[in-house]
Amino acid sequence: MPKTKWTLANAPDQTGRIALVTGANTGLGKETARALASLGAKVILAVRSVDKGEVAAGAILQSHPKAALEVRHLDLADLSSVEAFAQDLAQDYTQLDLLINNAGVMIPPYGKTKDGFELQFGTNHLGHFALTLRLIPLLKKGASARVVTVSSTAHYNGKIDFGDLNWEKRKYNPPRAYGDSKIANLYFTRILSDKLQSHGMKALSAHPGWTATDLQRHSKTFMFLNGIFGQDVPTGALPTLRAALDPEAETNVYYGPRGFLGIAGHPVVVGTSKRAKDTAAAQKLWEVSEELTGLSLA
């Protein structure tokens with residue numbers, strides 16, 4: 001099968017592997033969890049609402065009765081929740097093979113996380129930064145472990161203002177703040193990839209193109225356009241799944257749909273904005289993130 005037509009049928013069996021998917025109660029996260037479970041992986045659904053997570057797990061079990069699933073509470077907008085989640089996971093598991101940093105918020109009204117960070121930056125980037133660093137010990141014990149962080153074509157609009165990360169000096173611009181959080185995902189992957197290679201692990205990123213989910217619920221316009229441009233969720237999840245499962249995937253690769261403007265299509269290696277390739281900015285964000293979370297990785 002041509003690489004430009006990569007589908008779940010190309011993925012190797014995942015029996016014996018343990019995967020964690022954030023935001024797995026709905027949309028792309030739920031579909032990613034379903035796909036991994038269908039391949040035999042034990043999947044941990046890390047969700048803010050356990051009740052919604054249980055509903056999602058139930059739906060997955062209806063189509064895959066033998067799926068191994070576990071629902072756990074995780075609030076990425078609360079660093080104490082991230083810490084508690086990681087500590088509990090370390091008590092119950094001896095390894096982690098796949099970490100899918102999928103959860104996120106998109107263009108909400110201005111708000112802050114429990115720790116005082118702008119909501120999109122604090123959730124989409126800092127929450128996953130903290131989660132990943134806290135789970136590195138488990139990932140080191142995994143089999144050829146990978147960390148996949150979901151970004152977006154919105155990263156082209158990202159330009160992080162290190163002097164005003166929380167939008168306290170500027171008029172809040174939700175789409176711009178979302179773009180900042182998505183370029184932050186790519187910066188994070190770039191530096192993480194370098195740090196993990198010596199341990200035989202890979203860090204990759206992916207974007208789903210325009211996929212019809214409720215992520216766009218804060219915009220009536222986007223929700224309307226979902227019906228015109230949005231591809232179905234199973235197809236939208238394929239770039240993330242290829243990043244997680246393709247044996248030939250290289251570290252720090254970015255997968256996305258192959259179609260026009262990256263809106264839809266089967267997953268291929270795609271490019272990023274010129275700004276996203278700025279290693280100095282990526283390194284600065286890493287150092288700032290260490291300061292803000294109190295975590296570091298040698």
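How many salt bridges are there by the rule used here? The count comes to eleven, a salt bridge being a side-chain nitrogen of Lys or Arg within 4 Å of a carboxyl oxygen of Asp or Glu.

Before you click around, some housekeeping. This is a predicted model, where local features need pLDDT of at least 70, side-chain atom pairs count only at pLDDT 80 or more, and totals for chains, interfaces and linings use all residues. Residues are numbered from 1 along each chain as its sequence is written, and side-chain values use heavy atoms, with hydrogens and water left out.

**Stop 1: colour by confidence**

pLDDT is the predictor's confidence in each residue, from 0 to 100. The chain averages 92, and 90% of the residues score at least 70. Now select residues 222-229, where the pLDDT is below 50. Beyond near neighbours in sequence, that stretch has 16 contacts in the model, a contact being heavy atoms within 4.5 Å.

**Stop 2**

Select Arg134 and Glu83, whose side chains meet in a salt bridge at 4.0 Å, N to O. Arg134 sits in helix α4 (residues 119-140) and Glu83 in helix α3 (residues 79-92), so this pair ties together parts that are 51 residues apart in sequence. Helices (H or I, at least four residues) and strands (E, at least two) are DSSP runs, numbered from the N terminus.

Both partners are partly exposed: Arg134 has a relative accessible area of 29% and Glu83 has 31%. The cut-offs are under 20% relative accessible area for buried, over 50% for exposed, and partly exposed in between (1.4 Å probe, protein chains only).

**Stop 3**

Go to helix α5 (residues 174-196) and show Arg176 and Asp180, which are four residues apart, about one turn of the helix. Their closest N and O atoms are 3.3 Å apart, which makes a salt bridge by the rule.

**Stop 4: the cavity**

Turn on a surface and look inside. On a 1 Å grid over the protein atoms alone, a cavity is a set of points where a 1.4 Å probe fits but cannot get out; a pocket is an open set with protein on both sides within 12 Å along at least five of seven lines; lining residues have an atom within 4 Å of a point. Grid points are joined across faces, edges and corners, and a volume is the space filled by probe spheres set on the points.

A search of the whole structure finds one cavity of 30 Å³ or more, and about 50 Å³ of space lies in the largest cavity. To see its lining, select Glu118, Phe121, Ile160, Asp161, Asp164, Leu165, Trp167, Arg170, Ala177 and Asp180. What classes do these lining residues fall into? They divide into five nonpolar, no polar and five charged. For the classes, Ala, Val, Leu, Ile, Met, Phe, Trp, Tyr, Cys and Pro count as nonpolar, Asp, Glu, Lys and Arg as charged, and the others, Gly among them, as polar.

Zoom in on Asp164 and Arg170, whose side chains meet in a salt bridge at 2.9 Å, N to O. Asp164 is buried at 4%, and Arg170 is partly exposed at 23%. Then check the backbone of Trp167: its phi is positive, about 55°, although it is not a glycine. Trp167 is in the loop between β5 (146-150) and α5 and counts as buried at 7%.

**Stop 5: the second largest pocket**

This pocket has a volume of about 160 Å³. Its lining includes Leu186, Thr189, Arg190, Asn252, Tyr254 and Lys277, and α5 gives the most to it, with three residues. By class, the lining has five nonpolar, five polar and two charged residues.

Stay on Asn252, in the loop between α8 and β7 (254-257). Asn252 has a positive phi of about 65°, although it is not a glycine, and is partly exposed at 30%.

**Last stop: helix α8**

Select residues 238-245: helix α8 is mostly covered, with eight of its eight residues buried. Among them are Leu238, Pro239 and Arg242.
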